[in-house]
Amino acid sequence: MSEKTDTPPDRLSVDPDSPYYDAEMLARNVGVRFKGEDKTNVDEYCVSEGWIRVTAGNARDRRGNPLTIKLKGPVEPYFREG
């Protein structure tokens, strides 16, 4: 689906059931900078809409999936070295 590029996609999710899931991109070690701070717990992001979704502690929904919180602000995805 995706080609080898130097820029991460506009939207990416770590959930395999999401239409924005891309295993090839995730294998390239995508990092996310949100409001100038590196985040390691991002489940999904969207650059054009300016938000990230992060896990909300240990809480689970009725299907057993982790609950997430949507945070709005500037999103900068990048490829981590190594």
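Visitor: Which residue does E37 meet in a salt bridge?
Guide: Happy to start there. This is a predicted model, where local features need pLDDT of at least 70, side-chain atom pairs count only at pLDDT 80 or more, and totals for chains, interfaces and linings use all residues. Residues are numbered from 1 along each chain as its sequence is written, and side-chain values use heavy atoms, with hydrogens and water left out. A salt bridge here is a side-chain nitrogen of Lys or Arg within 4 Å of a carboxyl oxygen of Asp or Glu, and at 3.8 Å, N to O, the partner of E37 is K39.

Visitor: Is E44 buried or partly exposed?
Guide: Buried means under 20% relative accessible area, exposed over 50%, and partly exposed in between (1.4 Å probe, protein chains only). E44 has 11% relative accessibility, so this residue counts as buried.

Visitor: How many residues apart in sequence are the parts that R11 and E44 tie together?
Guide: The two residues form a salt bridge, with their closest N and O atoms 3.0 Å apart. R11 lies in strand β1 (residues 11-13) and E44 in strand β4 (residues 42-46); strands are DSSP runs of E, at least two residues, numbered from the N terminus. The pair therefore ties together parts separated in sequence by 33 residues.

Visitor: Which residues do salt bridges with shared partners join into one network?
Guide: One link is the salt bridge between R33 and D38, at 3.4 Å from N to O. R33 is partly exposed at 28% relative accessibility, and D38 is partly exposed at 44%. The network joins R33, D38 and E76.

Conventions: Helices (H or I, at least four residues) and strands (E, at least two) are DSSP runs, numbered from the N terminus.
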